[in-house]
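Q: I have a model on screen and want to learn how to read it. Can we go through it feature by feature?

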Amino acid sequence: MNFLLPLAQAEPPAFSQPHNSPQLWTAIIITFLVSFAVLIALLFAPTKARRPVIWTGTFLSGAFYVLLFLWPKPINRADDDLPRNAVEGVSFWISDFQPTFAASTNVIAAFLLGLGIYSVLRVHITRLLKRQKDWVFSVVLLTAMVTMVVFGYIDYVQREFHDKEGKLVEMVNWGPANYGFDLLFDGLLQQMDAAMFSMIAFFILSAAFRAFRVRSVEATVLMGSALIMILSLMGAIDVPWSNMVDGITGKDPSHFLNNMKISEVKGWFQSTLQVPSLRALEFGVGLGALAMGLRIWLGLEKGGVS
Amino acid sequence: MQYLDTGWISVFVTLLLAGFVLFNISRAKGEKSLFIRRIPGLNALDDAIGRATEMGRPVIMVPGLGGLSAVSVQALNVFGHVTRKAAQFSTPIRLCCADAAVYTVAQEIIKDVYQSQGMLDRYDANSVQFVSDRQFAFAAGVSGMILREKAAATFLLGEFFAESLIFAETANSVGAIQVAGSTTQTQTPFFIAACDYVLIGDEFYAASAYLRREPVLVGSLVGQDWGKALVIFIVLIGALLGSFERTQPADLVRVRKDGGAAAMEPISQHEDRAKRTSKKLVDETTMFRLFNPMVSEEMLDIKRDKKPNEEAAAGGGE
């Protein structure tokens with residue numbers, strides 16, 4: 001393999017350019033224009049013409065990650081190491097290219113986010129213009145969206161580009177935009193998120209009420225195991241019960257009755273019943289994902305369009 | 001005694017599982033009648049759509065919070081089937097997305113379904129909506145939609161997290177029939193508690209094969225079953241072998257070294273360990289070693305040439 005060494009140590013194509021350099025900006029502009037042209041072409045292409053293009057892209061992307069999984073990985077590699085042979089040369093190239101390749105997904109996601117925003121605007125502006133039912137909520141949503149974008153952008157620009165000394169860390173140095181963003185984000189959005197999250201407690205209660213009604217053998221088993229789990233978390237029950245068992249066994253650790261402590265029963269339920277069941281489910285889900293991934297990668301999955 | 005190091009076996013098992021799927025796909029192409037057991041959650045799909053049609057209320061579909069992945073594609077496949085049925089009866093649908101990529105694909109799939117049924121005029125562009133990519137904003141938006149439109153049926157299939165119960169209980173409060181399925185194991189119990197029908201574990205991935213009975217999908221399902229049989233076999237052998245080995249005296253013990261390396265050394269060199277137990281520990285059993293290759297200090301001791309220092313070559317530096 002030594003004759004392949006010069007090839008293995010050849011510098012792979014550069015995937016990054018110096019920060020703020022003309023080369024970087026040229027690459028960004030060209031990539032943007034090409035991506036935009038490809039997206040427009042795909043948008044107007046008939047479905048039959050689109051399919052092979054999308055399949056080729058999917059196959060090549062998938063093939064890269066298959067190669068990443070199967071190719072031997074370099075051990076103990078330093079940044080300035082040169083590969084010792086062709087196999088290491090390929091593995092170095094794969095591991096160097098992977099972050100750039102993964103980041104390209106973010107670029108595509110950024111394009112798609114624009115479509116998402118377009119969807120929100122279309123639905124709510126139509127509702128507003130046609131004065132459909134509950135159009136007032138659409139006004140609230142659109143106002144909130146625009147306000148958050150404006151305040152968020154001003155706050156970001158101030159912190160990133162006009163605050164090199166880090167003065168904005170202190171609240172006393174804040175301007176109206178910083179206060180506005182803080183009010184909108186920490187004062188409203190985070191609190192409303194927390195309010196939605198806290199509602200789950202009540203939903204759990206109502207769902208548990210229905211689920212634990214003893215109507216079948218399964219529901220009875222479910223209720224019994226749930227009761228043990230709940231009691232094991234209640235010190236007022238668990239501690240006296242354990243003390244009572246200790247009183248009978250005389251704190252003999254080898255006594256069989258130690259297994260009757262609520263915490264022991266709970267532990268048995270978790271380690272013997274719960275964990276294996278979840279692992280079995282995970283195996284099934286993992287195999288399903290593998291099969292699905294293979295079908296998508298090899299173009300065998302026709303999806304809902306078929 | 002040479003230490004068994006078989007780092008290739010995980011890759012081999014993965015390739016074997018993939019081989020099972022591909023072999024059965026090719027095998028099933030000629031077959032017409034491969035058996036799939038009854039899945040109640042999927043049988044209920046048609047009933048749920050029929051109910052929505054009778055009540056004149058919409059069907060709401062949610063593919064969860066996850067991005068565009070095998071999970072969301074599978075959910076969209078099922079939603080494609082639901083939409084096809086709904087289109088035949090002019091039942092209104094709503095598909096709410098939390099991810100822009102999923103939204104784009106969903107829009108294409110739903111539009112194509114209407115087109116393939118020759119009912120493009122019934123397609124409403126607003127039936128597929130991007131609601132929000134923020135978890136609880138999405139939860140609030142979809143719950144509001146379920147309440148306002150009094151959904152007759154909800155289909156919650158995909159990757160769900162804490163918002164799962166909010167959807168399920170809100171839909172229950174308006175009397176919607178619910179079919180749910182999630183690959184997120186922590187949410188499946190919530191769905192079981194709150195929904196009418198739940199696709200548990202890999203039933204979620206069996207859905208498109210069950211609904212469409214295409215040879216490729218059914219063959220893939222048979223391949224998964226072969227994979228499960230292999231996993232069960234490995235688990236059984238591992239349990240038996242592990243149980244036996246744990247009762248055996250350990251001649252060599254696994255010792256962790258610096259930098260993630262490990263070595264097998266005679267137990268006589270490790271008095272502390274010998275005092276604790278002379279039997280083999282989990283990480284010294286054959287099955288553990290098969291799937292967890294050991295990196296020795298020799299393997300980490302690699303000498304490579306260094307890249308030429310560009311600054312020094314250019315006469316830079318101090």
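Q: Start with two helices of chain B. Which residues in H3(B) and H8(B) meet?
A: This is a predicted model, so keep that in mind throughout. From H3(B) come Gln74(B), Asn77(B), Val78(B) and His81(B). They meet Phe204(B), Tyr205(B), Ala207(B), Ser208(B) and Leu211(B) of H8(B).

Q: At what angle do the axes of H3(B) and H8(B) cross?
A: At roughly 35 degrees, and the axes come within 9 Å. H8(B) covers residues 203-212. The crossing of these two helices is left-handed.

Q: Now the sheet. In what order do the six strands of chain B stand?
A: The general idea comes before the case. Strands of a sheet pair through backbone hydrogen bonds, in a parallel or an antiparallel way. Here the order is S3-S2-S1-S4-S5-S6, the sheet is open, and the pairing is parallel. Strand S3 (128-130) and strand S6 (197-199) of chain B each have a single partner strand, so one side of each has no neighbour in the sheet. On average, neighbouring strands are turned by 15 degrees against each other, direction ignored.

Q: Which strands does helix H3 of chain B touch as it packs on the sheet?
A: H3(B), residues 70-88, touches S1 (59-64), S2 (93-97) and S4 of chain B. The direction of H3(B) makes about 170 degrees with that of S1(B).

Q: How many bridges link S4 and S5 of chain B?
A: Six, in the parallel sense, between residues 153-159 and residues 177-182. Leu156(B) has Ala180(B) as its bridge partner. For Leu157(B) the partner is Gly181(B).

Q: How does the chain get from S4(B) to S5(B)?
A: Through helix H6 of chain B, residues 164-173. This β-α-β crossover is right-handed.

Q: And what comes between S5(B) and S6(B) in their β-α-β unit?
A: Helix H7 of chain B, residues 188-194. That unit is right-handed. S5(B) and S6(B) pair over three bridges in the parallel sense. Val179(B) stands opposite Tyr197(B) of S6(B).

Q: How many residues of S5(B) are buried?
A: Six of the six, so the strand is largely enclosed by the rest of the structure. Check both faces. Ile177(B), Val179(B) and Gly181(B) lie on one side, with Gln178(B), Ala180(B) and Ser182(B) on the other. All of these are buried.

Q: Take one helix residue, Ala168(B). Is it buried or exposed?
A: Ala168(B) has 27 C-beta neighbours inside 10 Å, so it counts as buried. The residue is found in helix H6 of chain B.

Q: Which residues does Ala168(B) touch, leaving out those up to four places away in sequence?
A: Leu156(B), Gln178(B), Ala180(B), Phe190(B), Phe191(B), Ala194(B) and Cys195(B). Look at Gln178(B) in particular. Ala168(B) and Gln178(B) are 10 residues apart along the chain, and 7.5 Å separates their C-alpha atoms.

Q: Last, the two chains. At what angle does H4(A) pack with H4(B)?
A: At about 70 degrees, with the axes 8 Å apart. H4(A) is therefore roughly perpendicular to H4(B). H4(A) passes H4(B) in a left-handed crossing.

Q: Which residues meet there, in H4(A) and in H4(B)?
A: H4(A) brings Ala109(A), Leu112(A), Leu113(A), Leu115(A), Gly116(A) and Ser119(A). They meet Ala100(B), Ala101(B), Tyr103(B) and Thr104(B) of H4(B).

How values were computed:
Residues are numbered from 1 along each chain as its sequence is written. Chains are lettered from A and ligands numbered from 1 in the order in which they are written. This is a predicted model: local features need pLDDT of at least 70, side-chain atom pairs count only at pLDDT 80 or more; totals for chains, interfaces and linings use all residues. Two strands pair if DSSP finds at least two bridges between them. Helices (H or I, at least four residues) and strands (E, at least two) are DSSP runs, numbered from the N terminus. Axes are lines fitted to C-alpha atoms, for helices over the stretch in contact, and angles run from 0 to 180 degrees between N-to-C directions. Two residues are in contact if their C-beta atoms, placed from the backbone, lie within 7 Å. A residue is buried if 20 or more other C-beta atoms lie within 10 Å of its own, exposed if 12 or fewer, and partly exposed in between; C-beta atoms are placed from the backbone. A crossover is right-handed if, with the strands pointing away from the viewer, the path from the first strand over the helix to the second runs clockwise. Angles under 35 degrees count as roughly parallel, over 145 as roughly antiparallel, 65 to 115 as roughly perpendicular and the rest as oblique. A crossing is left-handed if the near helix is turned anticlockwise from the far one by less than a right angle, and right-handed if clockwise.
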